[in-house]
Each structure stands twice: as structure tokens, then as C-alpha cells.
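Subject: Structure for you to look at

Hi,

Here is the structure I promised to pass on. Have a look at it first, and then read my notes below.

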Number of protein chains: 4
Amino acid sequence: MIRVGIVGATGYVGEELVRILMQHPESHIINLTSQSYVGKSFSQIYHNFEGICNTICEEEDIEKLSEEADVIFLALPHGIASKKVNASILKKAKVIDLGADFRLKNANVYEQWYNTEHFSPELLKEAVYGLCEIKRDQIQKSNLIANPGCYTTCTILSLYPLLKENVIDEDSIIVDAKSGVSGAGRALSLDIHYIECTESIKAYKIASHRHTPEIEQELGEACKKDITISFTPHLIPMNRGILATCYGKLKKKVTWDEIMNIYKKYYEKEQFIRLMNKGVYPETRWVKGSNYCDIGFSVDERTGRIIVIGAIDNLVKGAAGQAVQNMNILFGLKENTGLNQIPMFP
Amino acid sequence: MIRVGIVGATGYVGEELVRILMQHPESHIINLTSQSYVGKSFSQIYHNFEGICNTICEEEDIEKLSEEADVIFLALPHGIASKKVNASILKKAKVIDLGADFRLKNANVYEQWYNTEHFSPELLKEAVYGLCEIKRDQIQKSNLIANPGCYTTCTILSLYPLLKENVIDEDSIIVDAKSGVSGAGRALSLDIHYIECTESIKAYKIASHRHTPEIEQELGEACKKDITISFTPHLIPMNRGILATCYGKLKKKVTWDEIMNIYKKYYEKEQFIRLMNKGVYPETRWVKGSNYCDIGFSVDERTGRIIVIGAIDNLVKGAAGQAVQNMNILFGLKENTGLNQIPMFP
Amino acid sequence: MIRVGIVGATGYVGEELVRILMQHPESHIINLTSQSYVGKSFSQIYHNFEGICNTICEEEDIEKLSEEADVIFLALPHGIASKKVNASILKKAKVIDLGADFRLKNANVYEQWYNTEHFSPELLKEAVYGLCEIKRDQIQKSNLIANPGCYTTCTILSLYPLLKENVIDEDSIIVDAKSGVSGAGRALSLDIHYIECTESIKAYKIASHRHTPEIEQELGEACKKDITISFTPHLIPMNRGILATCYGKLKKKVTWDEIMNIYKKYYEKEQFIRLMNKGVYPETRWVKGSNYCDIGFSVDERTGRIIVIGAIDNLVKGAAGQAVQNMNILFGLKENTGLNQIPMFP
Amino acid sequence: MIRVGIVGATGYVGEELVRILMQHPESHIINLTSQSYVGKSFSQIYHNFEGICNTICEEEDIEKLSEEADVIFLALPHGIASKKVNASILKKAKVIDLGADFRLKNANVYEQWYNTEHFSPELLKEAVYGLCEIKRDQIQKSNLIANPGCYTTCTILSLYPLLKENVIDEDSIIVDAKSGVSGAGRALSLDIHYIECTESIKAYKIASHRHTPEIEQELGEACKKDITISFTPHLIPMNRGILATCYGKLKKKVTWDEIMNIYKKYYEKEQFIRLMNKGVYPETRWVKGSNYCDIGFSVDERTGRIIVIGAIDNLVKGAAGQAVQNMNILFGLKENTGLNQIPMFP
């Protein structure tokens, strides 16, 4: 059994981690910490866990935890993990950080987009960007995994083969993404007060969302160029799910089948990526509660563009599920251990 | 492995059955039938099953199926099962009927409320009402299980101990119930067209809903009297969930603790019933995707009434989950086999 | 033109007041005050008012306002109005209080249910309970109107004729009410955080909601008895609307038509009450954005009960609309002036 | 009073027309026709109209209607209006067609995108594209108005000044649009069955939606070039509203203020277009129930793109409201007559 600690267990991502890990046959949660609910039982905070998880939330103490746990999941607001994690901890336990602190290779880029100091830039070269389907080999050997953002996972998986195979113009990429409200977290804010976001749609953080440099970093690595993309997130009145509608200019005329072959080259054996048949497109309802990333696309001859659509559950493949997938890789388990939940519809 | 056939697999209840049974360690689905989608693969109808269940839906042939299957689940509109099921089938396979045809012991009551002939009244005495927590012993010995309705399950479990223990006036019972839209099924109807039911609430089938006699039959059996209740269902703009708010006049002054002891007497060892602490009340979000029935109550001294609130997921404990629980009982498995999913929130 | 001041303009009720009054041909808003947004323009707080109302929100000063305004609307949390209003203000301006402070005739009952001191009990006998259809004559002569609560309006209008005409057992009344989320106001709270209340239903403040004594007071006055009722509010994932499902034991056998005649006796000439035909029941979508109260009922011979269903828009007939209706009465205008909006569906 | 007939009054657009026109001081509805509900009163079909509009829906007879009405609104599926309208009718009454039949100047383009014959191509040169803010002068002189589509109105108004003023690369335009479900109409379809579209988002008709050629026609006219755009519609789980997120490559470096001046040049005096301040972006909730089109934009220096966001209520400015605006222009009324409703939030 893998001994697991979760730091920041009472946000939505933390709660989803608990849900997945409690149903994981090889993991044992030894510690839940919380900033807001120290001393409360987990089931008082999330009543779905009544009779299932009555663990008392403790104050965070990563040092101590690293001595008891095999792996520590961090589900914290950005700027905290880079203060807490250090080389000594990483010697004792593996760390999977679900926040942003170790995702960007360049601390300057981090500081610019996140408007805060990075407290452990020396760890950035050790950290591996935990997009499992693409970085599997590096993940295996690392002790510090930077679990990707939700928008990022969906976008990169959708576009990666096209950039790797030099199919689309690198300067033409536009990603118009849509997220359910759980992506905004559990902290109170007028924006996600029920009345303020139901029955409406809006774009936000236009041309300034912090997942942008992550996408640019990873897709740039795929095509070996520095690239800039347009990324626009939108808030959708639903609980879970991300849909990324991605546009790129095709470098030359290609058929749908040719593009499909490219996707198959990278993803055919991936158990968490499902490629849609011609004319079928992802919808977030079909991945809800699961670790799948569904991808479909259309080749538009009229405009010479490809439109790729990706869908994930933001809390699973976009956060807790992928984190557990990373854990499975780190500990040499079958990658889908504990992640076989069939998407729940309706 | 239990060989399973599902007749009527492409409605929401059928789909939930497939989802649960595919994750059940002891069951193997050998046949899916559908009225509307013969020849289509299940994953074309429900894209969440892409790459998971590509079984082709077949035309229904219960006779033949009974020779190959150990158990047949029927998820059909009322009036069909009583035509299809017969003694010869029941000799070859166990049948769990998720429809209404075998729930009412009295064929006349059935014909009156359902406005249709009952085609096999002779089977009614063989059929066991499959409310697992209450009829466990009889279920074990039966070949024909009448799986209870969704409103019914929630209501009976909420009130059963009070009637059994003679705590409330039998003539005073009012059940004001609320259901998510999936309870109305997948057949198209203006009532459940998105625009017509989102952002609104209504009562329907007031004083005439067909789950009423089921509740009266079972609660009447508990208190050994003929009873009539007021039952009012409401449609709530959400996917899943039933909340039953039940009112009864207390026969004498009692405390919350005394009532809790009564509930504990019946339910303390039940793994799918969760009794809420004082001041905590069920909400449908806390049981979503699970087989739990949550029960909480308030003793109102001012009015001399008890208000009991029950919550279930209508597709799980209210249909497919309870059906699988019945299967587990029928085949001598641990009752929670394949039913351990933690409620998914959000 | 009636000069109007709104104290507490930036809550949902305040905002609805602004919307209605700006479209009212005889009113002129001279002052908007806010606790949270002093110095901000109204359209910055509510962007629907961009280019329509750029009035700057001011700090509240009722004394001063009473010298400039003909009528002051108070849309404040309970406990504040009873501190602010006094005899001198009421000499200078009429006051319509949308809060709870002047609704209960008995200050003790207020203090018991609201758990706070009442600061001006001497005004309670001057205050008129502003349920227009029932208290019209007294409203006309008053300077201090206690605008009823949202649940209350819907419940009292639904049951009033039955109690007035002695049709139902006064001890048998159960009101199971359902409200959209806007009823909970704009102040942040985890309960009405989007994720926490969408896709779910719950009961709350069971046997303890503060609208209970209001209903008992007014229905008790109708039947000239002290009565206690069971009142259970529920939170529904929708923006606007209240549905009250009311149960009462019939004192004798009556027909639907006989009951309808009773309702007609009281409401036939009321322009804001719509009585539904036999077999038709109110739904909140049909009254959205309007000042209507829709009422329908069923006489259930099996149980000897009547089930009455009422629906209103909680922000209009349940708050701002009725407040304007009260203003119209106070100033001798046609009662529907500025209130003719057709319900908006969808 | 303008005598008005509505053909196809019982769809959502028809119903919204009735709602607006009944509150319009200069119009009088003389006839409502319906395909599905002949002989039923309008209030039986839409209960919000109880006591407000009990007009009986008749069978359509445009010929006869044209003799009695001053203006006929057609709210029909495509392919019907071009059969019904002819020169003789247009001599007797003005026609405002809310369908697609007269929007595209080129009958071949129509037949190609709509996959059906055009039955009156000779009327296409008489028809004026009824986008009021842009075609006001031509509308005034016409008898046949082709009221624009919902996506189209929002997109064209958002981009028109940029193309007119040659600011963005004509080949770079991508429109990622999102619509509430009412845009899909009232006809039953599994896609808009509640359960199938709530709690999810999807793109549909990718690279093939029929509003595309309309947008290309009108924006092409603005920049005097043939253009092709990428247009991707999405279905959002909400009732009303369209949000268009539009991307274009800037031809040269410009500031936000310079772009704002361009928008002001075209829209400053438009009462139904609201330009957002820097950093503020449209959200559909702020225009609900109103005829406004809100526009905001960001100039992204990193990518050299402009992102323009437009929002309308699809049933008002995207259909019935704009149709009435066209009527007002046709009959020389103030353009906002009957259209002054303040957006309703929440």
C-alpha cells in the first residue's frame, strides 16, 4: 500500500482526490490537512463522505508528513507549494503538486504571469510536467511532479500531435475554452455565487489567463519553437467539465483520415484518450467523473483550418485523476489503477 | 460470474444498470436489448461508453435469454413485463423487474392506478417487493423481484420505522416529494424539453401519482392497517436525485433521541442507509451516483409533528443500484458488491 | 411624480425595485443608498443598468431622505429598519419596509423568532401588513407598510379564502414551500455558492423558518383563531420563483367547483391573482418577472384533503412588485401602474 | 395603431413577439397562427399569458391576412416563407420574415447551405437584410425585411466597425459562439431534452452552421471583399443568450482607445448597442429580456490579435426584438418604441 498524504484536502480538487484514492486498491490515506477546517472531520465538510471518511483534518506539516508518507499531494493556491517543498522533503517522499508553482520551467515567466515571487526556482529543473501521455518516461524517474492545469491538459492533449507533426501554423493557434464552475474552487466570490453565474455565460481573463504560458511551453516544446497562442476561458453554468475548441491554420491540404492517422500515432494505445469518429465531437457530459480526454476534429476546407475539440472532467483528468495517474506511474502500478470509473451520465 | 441480460438497456435506468454491472466484479453482461436502437452499439447511443461497451443492442427475446442468463433485468414501461414474464422463464432465470407490474399485490389496485390490464396476476404472489432493507429474507428465496419505484424507495425507507413502531398517526401522513428530471425517462416529451423545465418548479400528478399505492401497501403492512397518504411529486431542474419531505402527527410526545433510537433499531447495521445527526438534513447532492439513502428528521414540538427527510439518487438506490443490490442478495454475494461508489460531489 | 428613495438598493430586492420603478410612469427615483457600494454607480454594480441608471450609490441617511422623498423603500436585513424608522420620519414620508421588522404585531413573537431586540415596538400598531389583496383598505390610510415576505405572500394568498370561509381544519395545515436561490440574497455564503446548490435540493430551517409566525398571524386573523402550521422551505436550483404546496384537511366533503367559487369570491376581481382551471397547476416559470400570484388546487376525496398550489416570483410579488403595488395604493394610483409586465418565458 | 399578424406564433420566437407586441403602445395583434395548435387559445399553450392573451390560434392564411394587417411577422422554419410570400402580398402588407429565406442575396448560396430549393429568388433583391443599426436607411423603404439570425446579429454587430475600417485581416476571422437552448426552438429533439443538454457543453455544426454565409455576406459587404470565416456554435445549458467571442488579426499595432473610437464612430448614438469600458466584458445575463447588444474587446499585444465579445438575448435582439425594431423603422416610429425593457437580472 502506498501511504498518501493530502495537503489541502478540503477544496474541490482535494475532495476529488480523497474520493479517488479511497477507491484506489493500492493507496492508503494517512493524513488530510486543511487551512480552513482543522479539527473537523472530513465528512462534516463534505457530507457525501458520511460514514465513509471521518478522518479529522489536521494542520499542514509537510516536513513531518514526508517522513510518514510515500507520496504527498499538494492541492494549494499558487505561491505556497514553492515555499513548502524543498530538497530534503523530496528525498523522503515523492511530491505531486496540483498547483502551478512547478509547471513553468522559467521562473521569470512564472513571476510575470503569477505576479508573485518563486521561492524555489532551483527545484524547477527537477520538476517534471506531469502530463502523463506525453511525459511518462520522465515522470517515472522524478520525485516532484507538476500536475498540469485543467485547461492546459485539455488543450495540450488536443493539439500536441498536430504540432509535433508540423501540421498547423504555430502562429495561428486560438484556443477558446469553456469550464464548469468547480474549476473556480470553493473559496467564496461573487463571481461564482449561484445567482451571478447561473443562466449566463461570460469570457474572463481574456488574453491574460495563467494557463496560457503552460500551454505555450509544452506545445512550443512539441514543435521546437517559441510560440504564442490566444487563449480565452469562459465560465459555463455547469458543475464539471472543460471543453476546448482549438483552431489552427493547416500548413497544407490534408484529409480527415490523414489527421486521424496522426492522432492515432500518438494516442491509439492511450487508455485515457478517446478519439472520436468522423462527425462525432466531444461533449463534457460524456467524460464526467472519469479520467478520459475525448478528442474530435473537423478539417474545414473552406477556410483551411482544423478545428479540434477536446473534453475532460476538470476535477479528474484536469486535476485529481491525472494526479493519481502520475502516482501510478511513479510507483510502477498499472496506469489505470483506481481510475477505471465509467463516466457517469446523466 | 453471474450471466446477466438487460431488457430495455437504452433508457436512463438501463444505462445506469450497464454502468453499475460493468463495474461489478461478479457479473458479466451477455445481452443488451432495446426497443429503439436495435443494431446500434451501446456506445453510439451513450457516448460515455465509447471504448468501454460496444455491445450491439438486440431485439428482445426473453424466452431465449432465460436459457442463457442467470438473471434478467427488465427496465421497461409498465404493462409490458406482465406480458413477457411467465412461470417457464422463472424456472430458468431469476427476474428483477424495475417496472411497476409486480409491485402491487392486488391486481385490481394495479389496474385502477395504471389504467391497464394486468396480464399475469398469478405471478403476484410469487413476486417479492424488492426493498432490500425490509424484505431481505423473502428476496433471497424468490425468483421474481419487483424492484421498487424511486419515490417509493425514498419514502418507505424514511417512514418505515415510525409506522412499524406505531409512532405516528397513520392517517396523518403527507409526503411532499421532489425529483430530478432523469426520473421522467428518455422518451421525448414537451414537459422535459430543456426550456420547459429548467428554471422552474412544478407539482404534477397531484393526488394521483402511481407510486402512491405502493407506498400505502408497504407502510400499511408495516403498521398492519390500511392506510391512505397524500403524495405530491414535484419536478426539480436537476439531473438526479429524490428528496422526500414526510410529515406525520406524533401519537405522543417524544424526543429526537427517542426517535433516533427507533431508526437505529432498524437501520444501524444497514450499509446503504445513513442516519443524519441532529440538525443535519439530507440533500440530494450528497448521495449522487451512490446507493445510499440518507435520512434526517426534526421533531417539532410546536405542531406535534415529525418531519422526516429522505434523499436518494433516483437512478441508483431508486432503480439500478437497488436492482443490483437485489441481485447480490439473490446470488448470495455481499450486499454491497459493486455498489461501493462514493457519492460524487460536485 | 412620486419622489422615491431606496435604502438598500444593491441587494437583489433593491435592484428589482430600481428596475420596476424606472419603468413606472409615475415614480422618480431621487436616491439610492447602499451599505457595500457607496460611491459606485449603480450600473457598475449591476451591468444590466449600463446606460440606464448611472446614479451613484450614497450612504444611507433616512432622516434627510424623508425630507426629500414622498416614499422610502427599505430593503434591509432584519433588525435595522426598526432602528431607523421613527415617528418624525413617518410624518414626512411614507415608508414601505421590505424587511421583517414591522410584520409581526407582537414584538415578543418577533424577538423570539428573530432572536434580536425590537427597537420600535410602539410603531407596530401603526404598521399595516402590506398584503395588498387582503389589507387594501388599511394600507390606503397608513404611512408605514410592512411588505410581506416572499414565502408568506404565496402561502397566505393560497390559503386565505379557505380559512376565511372555514373550509379546512386549522390544525391540519402543512405548507411545503420551494424557493429559487435569489431569495437568499446577494451576501456571500457557502450555501449559495454555485457548486453547493446547483444540481441539488434540500430543505432548510425545518420547523424554524421566520416566515412561519407571519403566516400564522395572518391566517389566524382570517379564521379568528390562534393557529400553528408546519412550514418547510426548500432551496431549488433556479433563479426566481416560489412554489407553495399547501395541505389542509377538509372539514366536510366539498367539490372542486364549490372551492373554486370560494376562491372567486375573494379573488375574481384581483388583477394579480390568477386562478387556474381544473387540472391546471401553477409553475414558477409562468409568473417569472411578473407580479402575478397563480393559484390552483385539487380536492382529494381519497384522503379528505385539499392540496393548494401557489406560485409567485419571489422578487416581484414576493418583494419589489408588491412593494410598488403598495406604493400605488398609498398614492391613489391604479394598482397595476408600472406592474403590467407580462411574465417572461423562457 | 399598426395592425399586426403573426404567422408561427407558438414557437419561442413567436411567443416572444406576442409578449413584446402586446406591450407595444402602437401595435395591435389581429391574428395569431400556428401549425401545431390551431383552435387552442394562446394562454393554453403558454400559461404565462393566462388572463392576458386568450386569442385562439388560427390556421395560417397569409393572403387573407395581408388584406387585414399592416405588417405580417413570419416566424417559420426555413423553406416555408419563400413559398408563401409573393409580390401581391407585399403590395398589401409589409412582411418581416424572422426565418432565413430572404437573408442571403444569392439563391445558390441559400440552396447550398440550406439544402433546399428557394421558391422566390425574384424577391431577393427587394428584401432588405434587417440589421437595423447597419441597414436602417434601406429598411425604411422596403416592404420585405429579412430579420437576421441570432448568431448573425451578435457577430456582425461585434465585428462590423473593424471590417468597415479595415482594421483586421479579413482572412483571420474566427467566431466562437455560444447559445442558450431556446435558440434551438420548441420542436422536440433528443439534443435538447433536459437531461441531454443540462450540465454539459458541446460544439455543433462545426464548420457547417447556416448562419456562416450570412455573416460572410454582411461582413464582406462591409470590407468590400469576399471573405470566409470560421464559425463554431456551442450549446450552453441556459435559457436565453448568445455570446460571440470573435478573433481577428490586427493589420497594424493599435491601442484600445483607437479601437474604441472606431466603435464609437458607428455605435455611439445607437440606443441598443452598449460599448463596455476597458476591462469590462459582456455577459449574457446583463442583456436578458432586452434588445441590447453589448460589445467589449481586448487588444492583445502578445499575439497581435483583437478579441471582441458581443452578447445579446437571442430571442430579443436576436429575433423578436429586432423584428419589432424593424417594424418601428418601417412605420416611422421611434426606434425604441415598445423596446425599452430593462434587462432582467437575475
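Let me start with a pair of helices: H7(B) and H12(B) cross in a right-handed way. Please keep in mind that this is a predicted model. The two helices, H7 (residues 132–140) and H12 (residues 316–330) of chain B, have axes that come within 10 Å and cross at roughly 40 degrees. On the H7(B) side the contact is made by Cys132(B), Glu133(B), Arg136(B), Ile139(B) and Gln140(B). Their partners in H12(B) include Lys317(B), Gln322(B) and Leu330(B). By class, the residues of this helix contact are four nonpolar, four polar and three charged.

Now to where chain B meets chain C. Each chain brings residues to the contact: 49 from chain C and 49 from chain B. About 4000 Å² is buried between them, with carbon and sulfur atoms giving 54% of that area. Within chain C, the residues that lose the most area to chain B are Glu199(C), Ile201(C) and Arg302(C), together 17% of what that side buries.

The chain C side is made up of 22 nonpolar, 12 polar and 15 charged residues.

Best wishes

Definitions and conventions: Residues are numbered from 1 along each chain as its sequence is written. Chains are lettered from A and ligands numbered from 1 in the order in which they are written. This is a predicted model: local features need pLDDT of at least 70, side-chain atom pairs count only at pLDDT 80 or more; totals for chains, interfaces and linings use all residues. Side-chain values use heavy atoms; hydrogens and water are left out. Contact means heavy atoms within 4.5 Å. Buried area is the accessible area (1.4 Å probe) that two parts lose on being put together, summed over both. Ala, Val, Leu, Ile, Met, Phe, Trp, Tyr, Cys and Pro count as nonpolar, Asp, Glu, Lys and Arg as charged, and the others, Gly among them, as polar. Axes are lines fitted to C-alpha atoms, for helices over the stretch in contact, and angles run from 0 to 180 degrees between N-to-C directions. Helices (H or I, at least four residues) and strands (E, at least two) are DSSP runs, numbered from the N terminus. A crossing is left-handed if the near helix is turned anticlockwise from the far one by less than a right angle, and right-handed if clockwise.
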